[in-house]
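The sequence and the structure are shown first.

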Amino acid sequence: MPQIVGMPMSFLDWIDTYRVFHGKKSKQDTANATVPSGETTPRQETGGPDPTFAEKAEVDNSKIRLLRPRIFAMALIVSIGGLIFGYDTGQISGFLAMDDFLTRFGNEPGPAFSNVRSGTIVGLLSIGTLIGAIGSAPIADIFGRRVCIVTWCLVFCVGVIIQISTEQHWYQLAIGRWVAGLGVGGLSVLTPMYQSETAPRQVRGALVSCYQLFITFGIWLAYMINFGSHTMAGSSQWKLPMGIGFIFPAIMATGICFLRESPRWDYRHGKIDAARTTIAKSYGVSESHYEVQREMREIKEKFDAENAGGGKHRWYEAFTGPRMAYRTCLGVALQALQQLTGANFFFYYGTTVFAGIGLSDSFVTSIILGTINFAMTFPGLYVVEHFGRRRALIAGALWMFMCFMIFASIGHFLLEEGRQTKTAGTVMIIFTAIFIAGYAMTWGPIVWAVIGEMFPTRYRATCMGISSASNWIWNFLISFFTPFITSAIDYRYGYVFAACCFTGALVVYFFLCESSGRSLEEIDTMYIMHVPPTKSTKWIAPEGEELVTADRLFLEPGARNIRKEEAAGMETAFEREEVPMANDRVGVSDVSGSWVPEASGGRGG
Ligand SMILES: OC[C@H]1O[C@](O)(CO)[C@@H](O)[C@@H]1O
């Protein structure tokens, strides 16, 4: 990534320099020991730097402070990708209930929309996002994360311009949403990818979860703005909220120019010094700090392993690599199930659903739901770390199952049959609120978190792209078919979502390994070694070098065969081995060779 013209030093770099000159950093922070890249790195698990290494190279072992402007800037600026996504999701449900919007674009008496037209207008965004998500990973690998983020922001703006410049043509609106969707989809992969590649590992989970937090904030903001504008005269009702949509990509595209390129991308493109500097700045330490050395070594090892395996690793290895078919299918299933929980039934059609229940101002109801969604995502950031992914997802799914069963039963048996309309409506809204709280604390953020954790680095971009595409496909299917389905089976539609929530609990119980508190390498090992998901929480990982990870395996192209690195070094001959078909006994693999651990405690059983 070339330096931005006229900006040799970013604003944040400047702050760091200022802090050093003004004595705001410890002596150790600014220690200047020179350590060649890729040299032995002290292991963090041992609680500090390797003594020999420290003696030799004066490794900086100063305390890392994570609550610094750079981290906040990264959380705020990059998460705007989520805000753009949420804002677009939230605003459309309000538009569909605005008089002026209905008069101009509606095609049924009322004025109203036919199911096909409303489904197309709502759903085309998701088709765009699907294409954007799939296309973004390879493009980001070629041009870099920052350039792509700026480009997807521009694409989104073009989409908004197409929409805002029509006053009569509904298809122009739909096409504009499709183009804007390309941008949203691209950012939906780029945002978590940039964050997870650049953030210090201690705050990586929280930073990636900020993505979902900003999605919910975007939905809430759109509801508030719709509420303020829906009584305005003429097209300002919907053009104002639509126009406000320009502000976020503008901030994001400008802000990202002040951040540095992802160190992983820099390293892969030969900018090793830049990568080291970025990591040091992310951690807020000197380049000789043991964390920086450790990360540089890990990046190097993985990069060397990829190249030593005999060439480029193709996208289909996301299915043929070690335990990759299982993981990719699981990622696809989890993202599909995240949509099939039915949350977007409320976020896309909430205003319409509650108008149907007979609420005088359905915009207010939407604001309440949007507020619950946003507010409850904060405890969600706690839940994900403290209760573990599996427990939270299973409990959340059962919770949402219960809510939808009640929502559907009351809606169908009381509301549709004209009995107790007022009470029935109130109870349905309460259960919708309880449902959204459950979703916001569990499936909303946690699915993005587990998707970012369960794939080895080598395949992460591809697998995240494929999984996110599944999220968008189901997002589209639900948004497009909801009007048809509700007109055919009314509130019994809720039973379909209830069944999917229950399936979600089963899928997590039987297939997802617990990743909370584990390093990415340990998670990878659990899958490769077939640790039974039900026992994964208590599984004890083999130590250090013993840890089998897909990234350490020297895979041949196609990833069907594995070569093992000889102890002497990378350049020596490779020994050919079978793909490890580890058995179910934890810590034991049937692959011969010293790199496979013996049963280590074997608690997983
Ligand atoms: O918070 C609700 C929102 O979260 C998502 O599921 C993404 O994680 C969106 O599809 C939905 O609109």
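Predicted model: local features only at pLDDT ≥ 70, side-chain atom pairs only at ≥ 80, totals over all residues.

**Helix α6 and its surroundings**

The buried residues of α6 are R145, R146, C148, I149, W152, C153, F156, C157, G159, V160 and Q163. Their packing partners are α3, α5 (115-143), α7 (170-198), α9 (236-244), α10 (247-256) and α11 (263-268).

One of the buried residues of α6, R145, also takes part in a salt bridge with D141, at 2.9 Å from N to O. The two partners fall into separate accessibility classes. R145 has a relative accessibility of 4% and therefore counts as buried, the limit being under 20%. D141, with a relative accessible area of 35%, is partly exposed.

**The chain as a whole**

The protein has 605 residues, and 58% of them count as buried. Its secondary structure consists of 23 helices and three strands. Of the contacts between residues at least 6 apart in sequence, 76% join residues at least 24 apart. The accessible surface is about 23800 Å², and carbon and sulfur atoms account for 64% of this area.

**Salt bridges**

The count of salt bridges comes to 11.

| Pair | N to O distance |
|---|---|
| R177 and D88 | 3.3 Å |
| D141 and R145 | 2.9 Å |
| K239 and E167 | 2.6 Å |

The side chains of R177 and D88 meet in a salt bridge. This pair links distant parts of the chain, with R177 in helix α7 and D88 in helix α3, 89 residues apart. R177 and D88 are both buried.

K239 forms its salt bridge with E167. Because K239 lies in helix α9 and E167 in the loop between α6 and α7, the pair ties together parts that are 72 residues apart in sequence. E167 is partly exposed, at a relative accessible area of 32%. Through shared partners, salt bridges join E167 and K239 with D100 and R104 into one network.

**Aromatic pairs**

The structure holds 36 aromatic pairs. One of them is formed by F85 and Y211, whose rings are 6.4 Å apart from centre to centre with 55° between the planes, a tilted arrangement. F85 belongs to helix α3 (residues 69-95) and Y211 to helix α8 (residues 204-229); the pair links distant parts of the chain, 126 residues apart. Both F85 and Y211 are buried.

Why is the pair of F95 and F101 tilted? The ring centres are 5.4 Å apart and the planes stand at 40°, so the pair is tilted; planes under 30 degrees apart would count as stacked and those over 60 as edge-to-face. F95 is buried, at a relative accessible area of 1%. F101 is also buried, with 0% relative accessibility.

Which residues form one aromatic cluster with F345? The cluster consists of F345, F346, F404, F407, F435, Y491, Y493 and F497. A charged side chain is found over a ring as well: R323 lies over the face of Y326, at 4.0 Å from the ring centre.

**Two further residues**

E295 lies in helix α13 (residues 290-308). Is E295 buried or exposed? Its relative accessibility is 7%, so E295 counts as buried. Leaving out residues up to four places away in sequence, E295 touches R201, R264, I279 and Y283.

V427 is part of helix α19 (residues 421-441). At 27% relative accessibility, V427 counts as partly exposed. V427 and I406 are 21 residues apart along the chain, and their C-alpha atoms are separated by 8.9 Å.

How values were computed: Residues numbered from 1 in each chain as written. Heavy atoms only, no water. Helix = DSSP H or I, 4+ residues; strand = E, 2+ residues; numbered from the N terminus. Buried < 20%, exposed > 50% of the residue type's maximum accessible area, 1.4 Å probe, protein only. Contact = heavy atoms within 4.5 Å. Areas by Shrake-Rupley, 256 points an atom, 1.4 Å probe, with all protein chains shown as cover. Phe/Tyr/Trp six-rings, centres within 6.5 Å; stacked < 30°, edge-to-face > 60°. Lys NZ or Arg CZ within 6 Å of the ring centre and 35° of its normal. Salt bridge = Lys/Arg side-chain N within 4 Å of Asp/Glu carboxyl O.
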